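Take a look at the fold below and trace the chain from one end to the other. Then we'll go through it piece by piece.

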Amino acid sequence: MCFEDEAGQGLRPPKGRTWSRRGQRPQVRVHGGEHGSRVSIAGMVCYRPGMRPRLIYRLRRYRLYRLRRYRRRKGERAGFTVPEYKRMLQAAHQQLPGGKIVLVWDNLGVHHSAAMRTFIDAHPDWLTVFYLPAYAPELNPAETVWSLLKRSMVNFPATDLDHLADMIKHRLKVIQHHPDVIDGCLAPTGLTLNTTPAITN
């Protein structure tokens with residue numbers, strides 16, 4: 001079972017508390033050369049009873065430039081496209097034991113698009129999709145992954161977009177190599193991988 005979600009991070013780092021001398025509040029200088037640019041992340045946390053949990057993700061650099069106001073580069077989308085989602089799902093199909101995926105994700109417009117629906121319907125042998133209720137991030141363990149990522153980057157001043165992307169990759173790889181952390185992301189949702197129905201008197 002795979003839970004998918006998206007997140008993003010700009011060059012302005014997440015704020016966090018730290019120690020300092022009284023009256024000498026620390027300042028984090030943010031590089032402004034690519035102000036408004038960000039790294040988008042699409043990730044899947046994957047669970048199977050008796051198997052090591054997995055984190056599969058993709059990054060997308062999103063640059064903005066300034067001309068009177070911030071504008072998107074021609075032909076550039078802020079979020080992930082259907083082809084990018086397809087490639088991520090196909091990679092998961094190849095990497096995960098057994099290859100069959102039960103995908104749970106939110107109601108983002110691209111998830112409901114005709115092109116995405118066509119792709120899902122074309123692969124019923126290995127892909128089954130369920131949609132989360134509206135406004136239910138607490139049911140998605142991927143949200144906890146993003147929380148861990150943001151906390152690990154508190155007050156981190158990236159020099160440019162590539163530096164930021166490299167740091168995000170590094171922090172996500174650390175999470176990938178700690179399956180106990182990925183397991184722990186499931187607990188706050190209240191969901192369980194136990195398929196045996198509870199017996200009550």
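This is a predicted model: local features need pLDDT of at least 70, side-chain atom pairs count only at pLDDT 80 or more; totals for chains, interfaces and linings use all residues.

Which residues of helix 1 are buried? They are V82, E84, Y85, M88, L89, A91 and A92. An α-helix has 3.6 residues a turn, so residues three or four places apart point the same way. As for what covers the buried residues of helix 1, the list includes these elements:

| Element | Residues |
|---|---|
| Strand 2 | 38-46 |
| Strand 3 | 54-62 |
| Helix 2 | 114-121 |
| Strand 7 | 127-131 |

Strand 1 and strand 6 are also part of that cover. These two strands turn up again at the largest pocket: strand 1 (2-10) and strand 6 (101-105) each supply at least two residues of its lining.

That pocket has a volume of about 450 Å³. It is lined by 22 residues, and the closest to its centre are M1, C2, Y47, R48 and P49. Sorted by class, the lining has 14 nonpolar, 4 polar and 4 charged residues.

Now zoom out. The protein chain has 5 helices and 7 strands, and along the sequence they run β-β-β-β-β-α-β-α-β-α-α-α. Of its 201 residues, 38% are buried. Among contacts between residues at least 6 apart in sequence, 72% join residues at least 24 apart. The accessible surface of the chain is about 12,600 Å², with 51% of that belonging to carbon and sulfur atoms.

Terms used:
Residues are numbered from 1 along each chain as its sequence is written. Side-chain values use heavy atoms; hydrogens and water are left out. On a 1 Å grid over the protein atoms alone, a cavity is a set of points where a 1.4 Å probe fits but cannot get out, and a pocket is an open set with protein on both sides within 12 Å along at least five of seven lines; lining residues have an atom within 4 Å of a point. Grid points are joined across faces, edges and corners, and a volume is the space filled by probe spheres set on the points. Helices (H or I, at least four residues) and strands (E, at least two) are DSSP runs, numbered from the N terminus. Ala, Val, Leu, Ile, Met, Phe, Trp, Tyr, Cys and Pro count as nonpolar, Asp, Glu, Lys and Arg as charged, and the others, Gly among them, as polar. Buried means under 20% relative accessible area, exposed over 50%, partly exposed in between (1.4 Å probe, protein chains only). Contact means heavy atoms within 4.5 Å. Accessible areas come from the Shrake-Rupley method with a 1.4 Å probe; for residues, only the protein chains shown count as cover.
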